[in-house]
Amino acid sequence: MSFSFRLEDYPRYLERVGDATYLDVTRRTDPARVERVWDNLRTVVTSYGAPWIVQLWTKDAAGALGRGSNVLKRLRDAGTTLTAHLTVTGLGGTSWEPLAPSTPFHGMEELIALLGGPDHIKWRYDPVIPTVHRLDVFRGLAEQAARLGITRCVLNFLVPPGRYKRVDARLSKTLQGWSEGMPGYDASWRAQTAAEIVEASNAFGLSVSVCAESAGLAGQVKDLRPAVCGDHTWFVDLSGRDPGRARTSGSRKGCGCAAYFDVGMYGQWRHCHQCLYCYAG
């Protein structure tokens with residue numbers, strides 16, 4: 001799998017998936033900030049037609065719609081099913097997410113209307129940061145999500161020290177204990193924190209799943225499900241048709257996503273929200 005968009009890779013993807021075409025916009029950078037990913041999406045659609053699924057990944061619903069609403073509307077009208085993952089942590093506008101919106105869920109009503117309803121959207125509480133996460137903040141966000149009609153939450157924990165050099169360099173200056181490996185914030189802490197989040201979510205009718213990096217928690221915490229962010233079954237339910245599932249190993253260990261084609265590219269950190277924990281820069 002290439003880590004940067006290349007149109008020449010798409011025919012081989014088509015051979016693998018058949019009619020189960022699923023494009024991500026994008027796991028690699030935020031389409032609210034980087035216009036080029038929308039150009040890439042238009043290029044794929046112009047060359048190969050409208051796909052079965054287009055899934056938006058963003059921290060800024062209003063910003064993403066400002067850049068891409070026209071192409072999303074055209075795809076919807078052409079029969080593409082649209083879904084979205086909206087990341088809201090309560091840290092927008094702080095030093096952790098300096099260019100992300102400071103108003104949680106800003107623009108969500110418009111995004112819900114364009115996509116076809118709140119059942120097309122998953123809220124991501126990602127990442128949970130040791131010493132920074134607060135359960136009361138999560139509860140407030142969960143209440144807002146529930147009022148919007150959202151019923152799915154995806155949870156993910158900050159990747160531990162030693163995985164990404166650029167993240168380590170940023171967080172060693174910001175997060176006390178990072179250079180020492182964050183002692184005390186281990187698997188036991190993650191399981192306890194996940195259990196608290198699930199319990200808080202239940203009060204607002206939110207089901208909670210956990211993403212690939214923390215997938216093992218799903219077997220330890222009651223009512224916590226393994227996340228399948230690009231969920232083939234979900235796509236079938238929303239679209240009303242099943243083109244068959246292509247074989248896939250997911251994007252990394254623990255990932256159960258359907259086979260996708262990403263129209264983004266890494267290396268855009270300075271042009272994006274400049275989140276301190278971002279590993280995609």
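Which residues is His 232 in contact with, leaving aside its neighbours within four places in sequence? Select His 232 and display its surroundings: the residues in contact (heavy atoms within 4.5 Å) are Trp 52, Asp 242, Gly 244, Arg 245 and Ala 258.

This is a predicted model, in which local features need pLDDT of at least 70 and side-chain atom pairs count only at pLDDT 80 or more, while totals for chains, interfaces and linings use all residues. Residues are numbered from 1 along each chain as its sequence is written, and side-chain values use heavy atoms, with hydrogens and water left out.

**Stop 1: His 232**

His 232 lies in helix α8 (residues 232-239); helices (H or I, at least four residues) and strands (E, at least two) are DSSP runs, numbered from the N terminus. His 232 counts as buried, at 7% relative accessibility. Buried means under 20% relative accessible area, exposed over 50%, and partly exposed in between (1.4 Å probe, protein chains only).

**Stop 2: aromatic pairs**

Next, select Tyr 13 and Phe 261. These two form a tilted aromatic pair, 5.6 Å centre to centre with 50° between the planes. Rings of Phe, Tyr and Trp (its six-membered ring) pair if their centres lie within 6.5 Å; planes under 30 degrees apart count as stacked, over 60 as edge-to-face and the rest as tilted. Tyr 13 lies in helix α1 (residues 10-17) and Phe 261 in strand β8 (residues 261-262), so the pair ties together parts that are 248 residues apart in sequence. Tyr 13 is buried, with a relative accessible area of 4%, and Phe 261 is buried with 8%.

Now select Trp 123 and Phe 138. Their ring centres are 5.2 Å apart and their planes are at 20°, so this pair is stacked. Trp 123 is in strand β4 and Phe 138 in helix α5 (residues 135-147). Both Trp 123 and Phe 138 are buried.

**Stop 3**

Not counting residues up to four places away in sequence, Met 108 touches Ala 61, Leu 86, Ile 121, Leu 148 and Ile 150.

**Stop 4**

Most residues other than glycine have a negative phi, and most peptide bonds are trans. Select Val 25 and Thr 26, which are joined by a cis peptide bond with omega of about -15°. Thr 26 lies in the loop between β1 (22-25) and α2 (36-48). Asp 126 and Pro 127 are also joined by a cis peptide bond, with omega of about 5°; Pro 127 is found in strand β4. Then select Thr 131, which is not a glycine but has a positive phi of about 75°. Thr 131 is placed in the loop between β4 and α5. Gln 274, not a glycine either, has a positive phi of about 60° and is found in the segment after β8. Gln 274 counts as partly exposed, at 26% relative accessibility.
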